[in-house]
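Please look at the sequence and the 3D structure below. The paragraphs that follow go through them part by part.

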Amino acid sequence: MGRLIVLFLLVVSLPLFADADKLEFTLHKKESGKPGKTILVIGGIQGDEPGGFNAASLLVTHYQVNKGNIWVVPNLNFQSIIHRSRGMNGDMNRKFANVPSSDPDYDTVQRIKQLIKSEQVDYIFNLHDGSGFYRETYIDKMHSPMRWGQSIIIDQEELDDHDLGNMNEAARTIVDRVNERLLDQEHVYRVKNTRTREGDHEMEKTLTYFAINHGKPAIGIEASKSLPTHQRAYYHLQVLEAYMDWLGLEYQRDMNLQAAAVKDAIDNNVKVSFYQNRIFMDMKNARKTLRYVPLREGSHVEFSASSPLVAITSRKNGYRINYGNRRVTDLHPQYFDYDNSLSSITMLVDGEEKQVTPGSIVDVDQAFRVETLEGYRVNVIGWSKKKLKNESGHDIYRNEIVKRYSIDKQGTIFRVELYKDKKFSGMVLVRFPRGSETAKYREAEPFVQQSG
Ligand SMILES: [Zn+2]
């Protein structure tokens, strides 16, 4: 422990600030600069299918492409995603044959249609979570031809006059490979052909059928709603990787493609930075409400996030942070002018001196202190000493900080705020080890100051 962690956020091109009903999807182009196929991966056409949109989001944050190109829209129906609704304005995946301009989804559907038709796009994947387990013959209620889960959906076997038009054959090849990587035999993948052209009037209205009618191979990928979200995402990524290999794309990822690692990647992807990192918060297990967050007076909230599924929307008392289907926290701001003069502070962390920049998380085993810095005032949220206005220069132990002031429910992460006169200069987080802190601190060696 006692390490200093500076986290680098993927700066995704999120809208700076949005009302919940004005959230727009984002497009993330991962381009290798080397010739190859371009795929378009779409997640979140229905807002209550988190396996699909989390997988698409992980493709944005954890993959790099070395040959060919990966375009990802991880949050197509963003408003419905944060409301955990299949479709706030009805089912978006029935709006691709016809949609009146008065429909609230009209602009979104037009934008994604343009992307689908882009000359560069070679193959389109629409990610879903479907009910039960698709089987060619009826086994029981949850394993039958009426179900959708664990299948690759094609609208027809072939797309004429296209070098990648053998959608059925390709899907069967992919399914064979994915079936070598099952977490359980029940999860076996199948190919489901909806034979849309032969008179499936519902499927005629879908995104993939629109794509096919514009000469683009397109398939649906379904994971089962019977599985936990991270397992669904695991299967989506397995299918996508199989397709990418088949299409000759080259890529690398900075996580293992294993169910537990996928769960970890999803759960840990809720980090938000405000105003070029003057404030950085790791929102994993954040409390329902965070009060007195020093936001900037008289401006929109500027933020970047670790995931394109993070949305910040205005509320009556401040802002709400959502991450996919999860409501993360409500921020109740206190407004300040900002001071940008502070580049770093000196901290003594378990006896070791560290230079710490605003927007960092510092791991503390036992105690820390912020060294006095001329002109700046330190406020450790949840720690106080009578009549003390500036909390620099004091050794601070975890059991001296009131637990309910932590930003996380476990009471391990606390805010250290810096001010210059009445202006806010930046925030650092201190993070104590998790677990039975009371017992640990009773046993703990007294903190010995080693320098300064
Ligand atoms: Zn769906």
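Which domains does the domain assignment of the protein give? The assignment gives domain 1 (32-267) and domain 2 (271-443). The model shown is predicted. Its mean pLDDT is 91, and 91% of the residues reach 70 or more. Over residues 1-8 the pLDDT stays under 50, and the model has 23 contacts beyond four places in sequence for them. The pLDDT is also below 50 over residues 12-17, a stretch with 18 contacts in the model beyond near neighbours in sequence.

The centres of domain 1 and domain 2, taken over C-alpha atoms, are separated by 39 Å. Where they touch, 13 residues of domain 1 are in contact with nine residues of domain 2. On the domain 1 side, the elements that give two or more residues are α1 (50-62) and α2 (78-82). Helix α1 gives the most to that side, with six residues. By type, the residues of this side of domain 1 divide into seven nonpolar, four polar and two charged.

Helix α1 can be checked for length. With 13 residues at 1.5 Å a residue, α1 should span 18 Å, and its end C-alpha atoms are 17 Å apart, so the two values agree. The helix is also mostly covered, since 12 of its 13 residues are buried. Among the buried residues of α1 are Pro50, Phe53, Leu58, Leu59 and Val60.

In soluble globular proteins, nonpolar side chains tend to be buried together. Here the largest nonpolar core has 115 residues, and those with the most contacts inside it are Val41, Leu59, Phe125, Ile152, Ile219 and Val239. Helix α6 (residues 229-246) gives the most to this core, with nine residues. The core draws at least three residues from each of domain 1 (32-267) and domain 2 (271-443).

Which residues is Ile152 in contact with, leaving aside its neighbours within four places in sequence? They are Ala171, Ile174, Val175, Tyr189, Val191, Ile219, Ile221 and Val239. Of these, Ile219 and Val239 are also among the residues with the most contacts inside the core.

Gly248 is found in the loop between α6 and β12 (250-253). Is Gly248 buried or exposed? Gly248 counts as exposed because it has 11 C-beta neighbours inside 10 Å. Along the chain, Gly248 and Lys37 are 211 residues apart, but in space they are 7.2 Å apart, C-alpha to C-alpha. Not counting residues up to four places away in sequence, Gly248 touches Gly36, Lys37 and Gly68.

Ala286 lies in the loop between β14 (279-282) and β15 (289-296). Ala286 is buried, because 23 other C-beta atoms lie within 10 Å. Leaving aside its neighbours within four places in sequence, Ala286 is in contact with Val328, Thr329, Ile407 and Asp408. The C-alpha atoms of Ala286 and Glu400, which are 114 residues apart along the chain, are separated by 21 Å.

Asp337 is also in a loop, between β19 (326-336) and β20 (345-349). Asp337 counts as exposed because it has 12 C-beta neighbours inside 10 Å. Its contacts, not counting residues up to four places away in sequence, are Glu297 and Lys423. Pro294 is 43 residues from Asp337 in sequence, and the two are 9.1 Å apart in space, C-alpha to C-alpha.

Finally, look at the backbone angle phi. Most residues other than glycine have a negative phi, and most peptide bonds are trans. Asp350 has a positive phi of about 50 degrees although it is not a glycine. Asp350 lies in the loop between β20 and β21 (352-356). With 17 other C-beta atoms within 10 Å, Asp350 is partly exposed. Lys387 also has a positive value, near 65 degrees, in a residue other than glycine. The loop that holds Lys387 is between β24 (377-380) and β25 (396-397). Lys387 is exposed, because 5 other C-beta atoms lie within 10 Å.

Note on methods: Residues numbered from 1 in each chain as written. Predicted model: local features only at pLDDT ≥ 70, side-chain atom pairs only at ≥ 80, totals over all residues. Core = buried A, V, L, I, M, F, W, Y, C linked by C-beta atoms within 7 Å. Buried ≥ 20, exposed ≤ 12 C-beta atoms within 10 Å, placed from the backbone. Helix = DSSP H or I, 4+ residues; strand = E, 2+ residues; numbered from the N terminus. Domains from an automatic or database assignment. Contact = placed C-beta atoms within 7 Å. Nonpolar A, V, L, I, M, F, W, Y, C, P; charged D, E, K, R; others polar. Expected span 1.5 Å × (residues − 1). pLDDT = per-residue confidence, 0-100.
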